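Biologist: I'm new to this one and would like to learn how to read it. Could you walk me through it feature by feature?

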Amino acid sequence: MYSSTRPPTPDQPTPLLGGLTPRQFMQDYWQRKPLLIRQAFRGFRAPLSSREVQTLARRDEVESRLITRKENGWTFKRGPFRRLPSAEQPNWTLLVQGVDLHDDETAALMRLFRFIPDARLDDAMISIATDGGGVGPHCDSYDVFLLQAHGRRRWRTSQQADRSLVPGLPLKILADFQPDTDDVLEPGDMLYLPPNACHDGIAVGDGCMTISIGFRVPSQATLARGLLEAAADQISAQHLGDTGLYGDPVLPGTDLSALYSDAGTEPTDHPAEIPAPLVRTTLDTLQRIRFDEPVAARFLGQWLTTLPDNAFFDPTDDFANLEEAVPAAGSLVLDRCTRMMYFGEQLFINGEVAPTATLPELQALADQRQLGATALQGLPGPVCALLDEWLQEGWVHWVPQP
Ligand code: SIN
Ligand code: CO
């Protein structure tokens, strides 16, 4: 259904963004203000039925939550759920996180938003709700597209500055929500919200399903810590030969193998005091550590492509290697769970640094998530061997042309 649809190109006006081009949307709305898009998807068909969402919520490896609005407050439970409240009972909602890891069509739907870099894309959550169901008025710290998949939901939003919460609840509910927009969304309608836009979505009637395409927003603390860790790995890796700590190719760093020297030190009558020259040398040495783009990219590439614990691969393809597969017409396709990114010469896949420079063909595989047989034919032997490894892991699949 969605797997054959491509994301809009930067200057292509698209119903997905209410007739705007991705460039206009990114300039005027992204991270700035909400956008209500009527019929972003005309004749929208949800990738999963309500029953299928409930079935997912039974599985141990699927992250789900059940939230019920009661007269005297809220209840919150974490899945898996063997049983859910009846469809006749109002005011409950079931939220299933990371559905893109478990369903190809949901993953394909999420990837229609790839005019935004993969580095920012997080997951697709699906919620189902009975009349009155919702998670209450709140603010999220990330960007989100809320796509109405089934039934109707009333969305109210507010740009209010007051973020105080009702104390003592199992959920973060705004104490004084003052909406300034109020709209009922029908199937195919979509609401974009930037971080910190307060919102409240309440199911209007039964059979409400909403798909949230959520984005990740790293804090400066996360970025700084990651960069420091990558720089530290770079130091340790220098003395380990061809491969780094985790068998990854070494990123060259400054040579820090020289030993500290204190020849000519005066005798001390304060033996417990740490010598000032040692403190100064430590600081001076730090100035010599390289904090450059390759180190930052090394951290980001490994971190951003690291898989969630509940991502699983199924290496059951008919073709165990490319040599067997390529004579037939078809393409190499990334598994729905695979995360592949690049920066400059560095290529990352599922938390690992690929032991090869980024060739244009591998960039194309990462960007398009597939590569045709013709492009594969001229690849050097070591790259083919690497792709064979990925085939055997189930990270990529060979899909013969129908
Ligand atoms: C939902 O209820 O589907 C979305 C929850 C939210 O507002 O974050
Ligand atoms: Co929210």
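Biologist: Which domains does the assignment give for the protein chain?

Modeller: Domain bounds come from an automatic or database domain assignment. Here that gives domain 1 (15-215), domain 2 (220-262 + 271-305) and domain 3 (322-400). Bear in mind that this is a predicted model, where local features need pLDDT of at least 70, side-chain atom pairs count only at pLDDT 80 or more, and totals for chains, interfaces and linings use all residues. Residues are numbered from 1 along each chain as its sequence is written, chains are lettered from A and ligands numbered from 1 in the order in which they are written, and side-chain values use heavy atoms, with hydrogens and water left out.

Biologist: How do I read the interface of domain 2 and domain 3?

Modeller: The size of an interface is often given as the accessible area lost when the parts come together. That buried area uses a 1.4 Å probe and is summed over both parts. For domain 2 and domain 3 it is about 950 Å², with carbon and sulfur atoms giving 66%. Eleven residues of domain 2 are in contact with 13 residues of domain 3, where contact means heavy atoms within 4.5 Å.

Biologist: How many salt bridges cross that interface of domain 2 and domain 3?

Modeller: A salt bridge is a side-chain nitrogen of Lys or Arg within 4 Å of a carboxyl oxygen of Asp or Glu. The rule finds zero of them between domain 2 and domain 3.

Biologist: And how many salt bridges does the rule count altogether?

Modeller: Eleven. One of them joins R82 and D60, with the closest N and O atoms 3.2 Å apart. R82 sits in the loop between β3 (73-78) and β4 (92-96) and D60 in the loop between α2 (50-56) and β2 (64-70), so this pair ties together parts 22 residues apart in sequence. Helices (H or I, at least four residues) and strands (E, at least two) are DSSP runs, numbered from the N terminus.

Biologist: Are R82 and D60 buried or exposed?

Modeller: Buried means under 20% relative accessible area, exposed over 50%, and partly exposed in between (1.4 Å probe, protein chains only). R82 and D60 are both exposed. Now take D200 and R156, whose side chains also meet in a salt bridge (3.2 Å, N to O). D200 belongs to strand β10 (residues 198-215) and R156 to strand β7, so parts 44 residues apart in sequence are tied together. D200 is buried, at a relative accessible area of 2%, and R156 is buried too, at 19%.

Biologist: What coordinates the cobalt ion (ligand 2)?

Modeller: Look for donors, meaning N, O and S atoms within 2.8 Å of the metal (3.2 Å for Na, K and Ca); water is not among the atoms, so sites may look incomplete. The cobalt ion has H138 (NE2), D140 (OD) and H199 (NE2), at 2.0 to 2.1 Å. Along the chain, their spacing is H-x1-D-x58-H. H138 is in strand β6 and H199 in strand β10, 61 residues apart, and both H138 and H199 are buried.

Biologist: What about the backbone: which peptide bond is cis?

Modeller: Most residues other than glycine have a negative phi, and most peptide bonds are trans. The bond from G79 to P80 is cis, with omega near 10 degrees, and P80 lies in the loop between β3 and β4. That loop also holds N91, a non-glycine residue with a positive phi near 70 degrees. N91 is partly exposed, at 25% relative accessibility.

Note on methods
Buried area is the accessible area (1.4 Å probe) that two parts lose on being put together, summed over both.
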